[in-house]
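Okay, everyone, thanks for coming.

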Amino acid sequence: MADALTILGLESSCDDTAAAIVRQAAGARPEILANVVADQQALHAAFGGVVPEIAARAHVEKLDLCVERALDEAGLTLRDMDAIAVTAGPGLIGGVLAGVMCAKGMAAGAGLPLVGVNHLAGHALTPRLTDGLAFPYLVLLVSGGHCQFVVVRGAAEFTRLGGTIDDAPGEAFDKTAKLLGLPQPGGPHVERAAKAGDPARFAFPRPLLDRAGCDMSFSGLKTAMLRARDALVAKAGGLTKADRADLCAGFQAAVADVLAEKTRRALALYMAEAPGDPALAVAGGVAANAAIRAALEIVAAEAGARFSAPPLALCTDNAAMIAWAGLERFRAGHTDDMTLAARPRWPLDAASAPMLGGGKRGAKA
């Protein structure tokens, strides 16, 4: 295997079509040579959320264009790649399938190795791409569909310490935005409105803080938001701009408090292992929230752990993280063949009991 590896990554698990190229020489810091993302916000805006069928068709239309643009930006061709990495799950099955089939076609046509990547592993390994964290480190994966504490022990070795037993925070942000008449995706709009709000005006709950362990729940917080909104509408006949700001500020503060306290507990479990270079990382779309980042940074400092948060462009779905995760797996000798399957569900820690149930398609988380 070459000392320097150059990997093309594809991502299409939800509503962002992405292609990226990452290169790393042995013993050197990795470089992102190109990172192309084509979002689909305009396609889904009228529906108040992502429509899987529309997303899948858009991926089919845009994947090859994103790859072409990434190669052009890097000044390379497919012949310069050492392997092709692709998100093989979890995600919306139509989008995942589009990416896997595109990657298979390019790998077969160019005679390149194929590496299937777990989308969550891409997020979990991003701190190694951006900050060079050493194994093991603790990561809080917090996004629209997932929320869990994971000790990252290797490129394919993960231990879950806890997670959400119902809604993920990103889902709760989106539903809150919808309740308040804010655009989708909801996270950035709720955060923007919260900057002008009073977080103490509404007494939102902090679910499961009275329960030991690292598990979380955000469904009840969403319901509390609904009731607070309805009470305001019943009293005044509608919501003012100040009402929306205060609701958003109170909701965001509640999420940040829950994540901070549960992170404190997860850090204690992780630190008990006496890691040589302790580090806490946060990854996923909700990691872009400045208030949540600030709360977690304080928790890390209190525990004496290094804090790592990716640049905002690498928090949301992107292909650079997939290329990097594929590079780590490829350097370790892992490849896939043309039987690589698209998977709607693919837990990082397969040894732990599912938190959200299972079924014919496998464990959700």
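Predicted model: local features only at pLDDT ≥ 70, side-chain atom pairs only at ≥ 80, totals over all residues.

Residues are numbered from 1 along each chain as its sequence is written, and side-chain values use heavy atoms, with hydrogens and water left out.

So, cores. By that I mean a set of buried Ala, Val, Leu, Ile, Met, Phe, Trp, Tyr and Cys residues joined through side-chain atoms within 4.5 Å. Buried is under 20% relative accessible area, exposed is over 50%, and partly exposed is in between, using a 1.4 Å probe and protein chains only. The largest nonpolar core has 85 residues, and Y137, V139, F218, L247 and L259 touch the most other members. Helix 8, residues 241–271, supplies the largest share, 13 residues. Helices here are DSSP runs of H or I with at least four residues, strands are E runs of at least two, and both are numbered from the N terminus. There's also a second, separate core of 28 residues, including L114 and W346.

Now the backbone. Most residues other than glycine have a negative phi, and most peptide bonds are trans. Which bonds are cis here? One runs from G89 to P90, with omega near -15 degrees, and P90 sits in the loop between strand 4 and helix 3. Another goes from Q184 to P185, with omega near -5 degrees.

Then phi. L208 has a positive value, near 65 degrees, and A274 is positive too, about 55 degrees. Buried or exposed, those two? L208 is buried, at 13% relative accessible area, while A274 is exposed, at 60%.

Last stop, pockets. A pocket, on a 1 Å grid over the protein atoms alone, is an open set of points where a 1.4 Å probe fits, with protein on both sides within 12 Å along at least five of seven lines; lining residues have an atom within 4 Å of a point. The largest pocket holds about 1,800 Å³ of space, a volume being the space filled by probe spheres set on the points, which are joined across faces, edges and corners. Of its 50 lining residues, C14, D15, G144, G145 and D174 are closest to the centre. Helix 5 gives the most to that lining, six residues.

The second largest pocket has about 170 Å³, with H189 and R244 among its lining residues.
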